[in-house]
Amino acid sequence: MAATPSSSRRWGNPVRLAYTAYLVRDYDEAIDWFVRALDWRVVEDTDMGGGKRWVRVGAADGGELLLARAATPDQIAAVGKAAGGRVAYFVHTGDFDRDHARMLAVGVKFAEAPRDEAYGRVAVFADLYGNRWDLIEARTNAISDDGETA
């Protein structure tokens with residue numbers, strides 16, 4: 001079945017992705033990393049009892065992760081393997097050089113030097129568990145987060 005354009009949706013309100021689960025060994029070490037490395041904030045941190053918490057972190061202007069503490073051997077083994085070694089997460093910035101320098105200064109490990117691609121300036125980095133991320137400053141004629149030409 002072919003995809004239908006958003007203008008022909010049958011529903012009044014579109015379904016949207018709210019959060020992405022992000023597997024962690026420890027809530028607090030992950031919170032510390034996201035706040036320090038990406039300059040994100042804790043959106044919510046609610047004790048659910050039994051050592052479980054509902055923790056959301058994200059940028060001030062959108063995009064959130066729901067931190068999920070690994071509890072089983074299979075989950076623990078999966079920490080840091082979000083996309084099987086591929087880039088799993090993409091963060092956009094309006095000032096690549098500023099954010100790249102700030103991230104380096106707090107110890108974020110980049111896998112490569114910044115490079116220019118058709119869609120913008122990019123560099124791959126690893127988070128505290130080894131998941132790979134792209135830091136991207138989109139070109140002015142690239143596709144924006146809402147799917148429109150910027």
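Reader: Why is Arg121 called partly exposed?
Author: This is a predicted model, and its atoms give Arg121 a relative accessible area of 25%. Buried requires under 20%, and exposed requires over 50%. Arg121 has 25%, so it counts as partly exposed.

Reader: What makes the pair of Asp116 and Arg121 a salt bridge?
Author: Their closest N and O atoms are 3.1 Å apart. The limit is 4 Å, between a side-chain nitrogen of Lys or Arg and a carboxyl oxygen of Asp or Glu. The pair therefore qualifies.

Reader: Are Asp45 and Arg53 buried or exposed, or something in between?
Author: Arg53 has a relative accessible area of 19%. That is under 20%, so Arg53 is buried. Asp45 has 38%. That falls between 20% and 50%, so Asp45 is partly exposed.

Reader: What about Glu64 and Arg56: how do you know that they meet in a salt bridge?
Author: Again the N to O distance is 2.7 Å. It is within 4 Å, so the name applies. Arg56 is buried because its relative accessibility is 13%, under the 20% mark. Glu64 is at 21%, so it counts as partly exposed.

Reader: How many salt bridges are there in the whole structure?
Author: A search finds 11. Side chains of opposite charge can pair when their charged atoms come close.

Reader: Why does Asp134 have no salt bridge?
Author: Arg115 is the nearest side chain of opposite charge, and it is 5.5 Å away. The limit is 4 Å, so Arg115 does not count as a partner.

Reader: Where does Asp134 lie, and what does it touch?
Author: Asp134 is in strand E9. Leaving aside residues up to four places away in sequence, it touches several residues, including Val87, Tyr89, Phe90, Val91 and Tyr119.

Reader: Where is Asp97, and why is it called exposed?
Author: Asp97 sits in helix H3. Its relative accessible area is 54%, over the 50% mark, so it is exposed. The C-alpha atoms of Asp97 and Glu137 are separated by 9.1 Å, although these residues are 40 apart along the chain.

Reader: What lines the largest pocket?
Author: There are 27 lining residues, and Trp40, Gly62, Gly63, Phe90 and Val91 lie nearest the centre. Its volume is about 770 Å³. Strands E4, E5 and E9 and helix H3 each supply at least two lining residues. E5 gives the most, with 5.

Reader: How do the residues of this lining divide by class?
Author: The lining of the largest pocket has 15 nonpolar, 5 polar and 7 charged residues. Gly counts as polar, so Gly62 and Gly63 fall in that class.

Reader: What lines the second largest pocket?
Author: Among its lining residues are Tyr27, Lys52, Arg53, Trp54 and Arg69. Strands E3 and E4 each give two or more. E4 has the largest share, 4 residues. The volume is about 160 Å³.

Reader: Which classes make up the lining of the second largest pocket?
Author: It has 6 nonpolar residues, no polar ones and 3 charged ones. Lys and Arg count as charged, so Lys52, Arg53 and Arg69 belong there.

Conventions
Residues are numbered from 1 along each chain as its sequence is written. This is a predicted model: local features need pLDDT of at least 70, side-chain atom pairs count only at pLDDT 80 or more; totals for chains, interfaces and linings use all residues. Side-chain values use heavy atoms; hydrogens and water are left out. On a 1 Å grid over the protein atoms alone, a cavity is a set of points where a 1.4 Å probe fits but cannot get out, and a pocket is an open set with protein on both sides within 12 Å along at least five of seven lines; lining residues have an atom within 4 Å of a point. Grid points are joined across faces, edges and corners, and a volume is the space filled by probe spheres set on the points. Buried means under 20% relative accessible area, exposed over 50%, partly exposed in between (1.4 Å probe, protein chains only). Lys and Arg count as positive and Asp and Glu as negative; His and the chain ends are not counted. Contact means heavy atoms within 4.5 Å.
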